[in-house]
Each structure stands twice: as C-alpha cells, then as structure tokens.
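Hello,

Here is the structure I promised to pass on. Please open it and keep it beside this email while you read.

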Amino acid sequence: MRKRPSGADLLSIAAETEARARPEDPAANYVAAMVRNARAIAARQAEAGDAGAPAEDERRLARAIRAGTAPAGTYALLLAEVRARVAESNPRALGKA
Amino acid sequence: MELSGEEQARVAAWLSDQAGAAVTVETTQRLSGGAIQENHRLVIDVAGGEWPGRHDLVLRRDAASAVATSHGRAQEYRLLKAAHKAGVAVPMPCVLCEDADVLGGPFFVMHRVAGEARGARLVKLPPSAELVAELGANLAKLHSIRPPRPDLDFLGAPPADPARAAVARYRADLDALPDPHPAVEWGLAWLARHAPAPPVGGAVLCHRDYRTGNLMIADGHLSATLDWEFAGWSDPDEDIGWFLAKCWRFGRWDEEGGGLGPGEAFVAAYERLAGRTVDRARLPYWQVMAHVRWAVIALQQAERHNSGEEPSLELALTAHVVPELELEILNLTGDA
C-alpha cells in the first residue's frame with residue numbers, strides 16, 4: 001500500500017498551486033521549490049511502480065506490532081519497506097541512515 | 001493577508017482603551033509565520049498614559065487552520081507571561097484581547113524581537129558551544145515552572161507517567177487516522193517497553209517543540225523562544241531529547257545541539273542551571289519519542305489535505321517527511 005497522497009493527487013495540487021502563484025509574492029521561491037519537489041516525488045513513485053503490501057496486510061501487521069505478536073522478520077520487512085519509500089520521498093535522506 | 005484598514009482602526013481603538021491614551025497605528029506588515037498563526041508587525045504611537053511613545057510590536061492571531069491539539073492565542077499569551085516571569089527568553093507579552101469584536105478572535109500584542117529563527121540559515125553560521133549553552137540554560141529556566149499553576153490550568157492535570165501517557169496519546173492519534181502505520185507502531189511498541197520511571201519531582205512545564213527553527217538568534221545570542229502551541233506538563237527529558245534529535249539539525253548532522261553546536265555544551269549548561277544531573281542514558285528514549293511524535297503530527301497534517309479538509313501542497317508534502325522519520329525510528333530502536 002502506498003501512502004497518500006497519490007502521485008496523481010500530488011501533481012494535481014502542485015499544478016494548482018503553481019497556477020495560483022504570483023512571482024511578486026515573497027514566498028514565490030518557497031512555492032516553486034515545493035512544486036519541484038512534488039513533481040520529483042511523483043516521478044520517482046511512477047518509476048517505482050505500484051508498491052507495497054495490500055492495505056489489509058499492513059493493518060494486520062500494525063495491530064500485531066501493537067499487541068506484541070509481530071512475527072520474526074518484521075523488523076527487516078519494515079526496514080525494506082521504509083527504505084523504498086524514503087527513496088521516493090527524499091532519497092538524500094538515505095545517505096544519513 | 002495584511003490587516004485591513006478597518007481592522008487596524010479597531011485595533012488602534014482597542015489599544016487606546018488599554019493605554020488610556022490615543023493610539024495611532026504608524027505601520028503594519030504581515031510577517032512570515034507558521035500555518036497556525038498570523039504575525040503582524042505593528043508600530044504604534046501612544047499619545048500619553050502609562051506607555052507613551054513609539055512601540056515596535058508584534059500582533060499575533062489565529063490563522064484559519066489551527067491544529068486541533070495546539071493552544072489558542074489566549075493560552076499562548078498566558079504561557080508567555082509565565083515563561084517571561086521565570087526568566088525564559090521570550091518577547092515581552094504586552095496585552096491580550098479576548099474581545100471578538102476587534103479582530104474576530106483572540107489576539108495579543110508583544111514586543112518585537114529581532115533575530116533569525118530559520119534553521120537552514122542558522123546552521124550556516126560557525127558552530128558555537130556558547131550559543132547552545134545559552135539554549136540549555138534557557139530551557140532549564142522553563143523547566144523551573146512546576147504544577148500546580150492556576151494561570152496554566154488549560155494545560156490539564158500533569159501526567160503521573162509522562163512517557164506512558166504520551167504513548168497512549170499517540171496510539172489514539174494513529175487510531176483516528178484512516179491508514180495503518182506499522183513502522184510508527186514499531187516505535188511506539190519500543191517506547192512502551194522501554195518507558196523510563198517518571199521524572200523525580202514530577203512533570204514540569206515543557207515547551208515540546210524546543211528546537212532549531214523555534215529559537216530566534218540575534219548576534220550569536222538567543223533573543224526569543226518561539227511557538228508555544230504544544231507546551232504542556234511532561235518529563236523534562238522530553239524537551240532535551242527533542243532539541244538533540246537528529247531530525248532538527250537541518251543537515252548539519254555532526255552538531256548534536258540542534259545543528260548549532262555540541263550537544264554536550266547544551267546539556268552541561270542545562271544541568272548547571274537546573275541544579276540536577278541529566279541522566280544521559282535516558283535521552284535516547286526521548287529522541288525516539290521525538291521522532292514518533294513528529295511522525296504523528298506530520299501524518300495528521302497530511303490527513304488534512306488527504307481528507308479534502310484543506311487541500312494544500314504544503315500539507316500534502318508533509319506526508320513525504322514521514323518515511324525518513326520512520327527510518328530514523330527503526331535505526332534508533334533496532335530489531336528487538
């Protein structure tokens with residue numbers, strides 16, 4: 001399950017935000033940086049393809065972790081999943097792991 | 001949005017009542033601020049009364065999108081007054097208006113303090129042990145504020161066990177969100193298993209967002225502690241752990257004191273002023289707590305966009321801060 005917002009939603013809100021932005025706005029640089037970031041994230045997600053376990057599995061895993069009954073190997077599974085999502089959301093952060 | 005001419009007139013009239021003398025607004029300017037509140041620079045002239053002359057002030061009011069769990073302006077004002085009295089570096093709070101007729105909601109006015117709070121800028125300065133020592137001493141002054149405090153009754157009862165109370169609260173927060181977050185649950189399970197004994201002396205007033213980004217620095221010195229929306233009674237180690245957390249070093253990973261200087265200098269100065277030893281072994285626990293808390297907050301902010309409540313690129317992007325927080329949570333907790 002890929003978390004929300006979806007790539008399409010991200011591109012959509014980025015485009016809207018860009019359309020509304022005015023160059024004389026003091027936050028213009030900040031807005032432009034956010035738009036670039038959003039597009040880069042969406043592009044990486046599209047390249048990675050549809051990702052991850054189905055939502056029900058994630059839900060079951062989350063419940064098991066809270067109950068203390070998560071199976072062996074859960075940590076490795078989480079680490080792999082999270083690394084894949086960091087690679088999409090902010091690949092620079094992988095260097096600091 | 002800037003204050004309209006009408007709003008300025010109403011503020012001037014209200015301030016005139018407070019001052020007992022005519023107040024004219026010389027100039028007003030919207031300042032950059034968070035999504036939760038609006039700050040406006042307000043330069044006024046007071047014709048007489050108790051505070052005659054020109055005053056360079058900041059007016060602070062709620063913006064449209066306040067997070068449900070953060071304090072409103074009236075509460076923040078009371079926190080600032082309490083902190084100011086305890087010697088914490090805060091802009092001097094002047095006056096609180098709870099009359100909705102003036103600006104449609106509560107607002108307060110405080111002295112304007114100059115300085116730089118942006119983390120990305122501050123980490124470009126040379127690292128400074130002296131500066132982080134100031135930040136440590138400042139935090140110790142805040143932690144000298146203990147319950148009971150009738151002026152701070154809106155904070156609720158201090159938790160007997162702040163760590164376990166926080167775990168319960170964040171679990172409830174996750175339950176209120178539509179999607180599962182197993183990596184954050186992993187962090188919470190670790191926090192539940194490793195919860196420390198409650199703080200000796202009980203909970204104290206914690207800022208709970210004491211970090212680079214909320215600390216205004218001018219000429220190498222602390223000029224103001226900002227953004228009190230999350231303040232509450234907690235284990236003082238929570239604030240120390242939050243300040244030292246990796247996620248708030250703005251890329252300067254080696255300077256453990258919020259990216260600004262050595263972590264040791266911060267802790268040592270805190271200890272000197274607090275008159276107690278910080279058990280450094282307890283701090284990693286609160287660093288995990290810091291990352292979990294920030295992940296939960298980021299998820300809540302993203303949900304405001306995802307749910308359609310407040311479509312916003314900025315909020316949508318907060319969802320993408322979560323994976324690196326989860327990675328840090330997993331790195332800190334390890335496989336256990």
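**Helix 2 of chain A**

Start with the outward side: A:Asn29, A:Arg36 and A:Glu47 are exposed, on the face of helix 2 of chain A turned away from its buried side. Bear in mind that this is a predicted model.

Which residues of helix 2 of chain A are buried? They are A:Ala28, A:Val31, A:Met34, A:Val35, A:Ala38, A:Ile41, A:Ala42 and A:Gln45. Look down the helix axis and these buried residues fall within an arc of 155°, so they line one face of helix 2 of chain A.

Now check the length. Helix 2 of chain A runs over residues 28-48, which is 21 residues. After the helix comes A:Gly49, with a positive phi near 80°.

**One residue in helix 1**

A:Thr17 sits in helix 1 of chain A. Is A:Thr17 buried or exposed? A:Thr17 has a relative accessible area of 10%, under the 20% cut-off, so it counts as buried. Leaving out residues up to four places away in sequence, A:Thr17 touches A:Val31 and B:Leu313. A:Val31 is one of the buried residues of helix 2 of chain A.

**Two helix pairs**

The first pair joins the two chains. Helix 4 of chain A and helix 12 (residues 322-333) of chain B cross at roughly 145°, and their axes come within 8 Å. The crossing is left-handed. Residues in the contact include A:Tyr75, A:Leu78 and A:Arg83 from helix 4 of chain A, and B:Glu324, B:Leu327 and B:Asn331 from helix 12 of chain B. By class, this contact has 8 nonpolar, 3 polar and 4 charged residues.

The other pair lies within chain B. Helix 7 (residues 182-193) and helix 10 (residues 283-306) of chain B pack at about 145°, with axes 10 Å apart. Their crossing is left-handed too. Helix 7 of chain B brings B:Val184, B:Gly187, B:Leu188, B:Trp190 and B:Leu191. Among the residues they meet in helix 10 of chain B are B:Tyr285, B:Met289 and B:Leu299. This contact has 11 nonpolar residues, 1 polar and no charged ones.

Best wishes

Notes: Residues are numbered from 1 along each chain as its sequence is written. Chains are lettered from A and ligands numbered from 1 in the order in which they are written. This is a predicted model: local features need pLDDT of at least 70, side-chain atom pairs count only at pLDDT 80 or more; totals for chains, interfaces and linings use all residues. Side-chain values use heavy atoms; hydrogens and water are left out. Helices (H or I, at least four residues) and strands (E, at least two) are DSSP runs, numbered from the N terminus. The expected span of a helix is 1.5 Å times one less than its number of residues. Buried means under 20% relative accessible area, exposed over 50%, partly exposed in between (1.4 Å probe, protein chains only). The arc is that of the directions from the helix axis to the C-beta atoms. Axes are lines fitted to C-alpha atoms, for helices over the stretch in contact, and angles run from 0 to 180 degrees between N-to-C directions. A crossing is left-handed if the near helix is turned anticlockwise from the far one by less than a right angle, and right-handed if clockwise. Contact means heavy atoms within 4.5 Å. Ala, Val, Leu, Ile, Met, Phe, Trp, Tyr, Cys and Pro count as nonpolar, Asp, Glu, Lys and Arg as charged, and the others, Gly among them, as polar.
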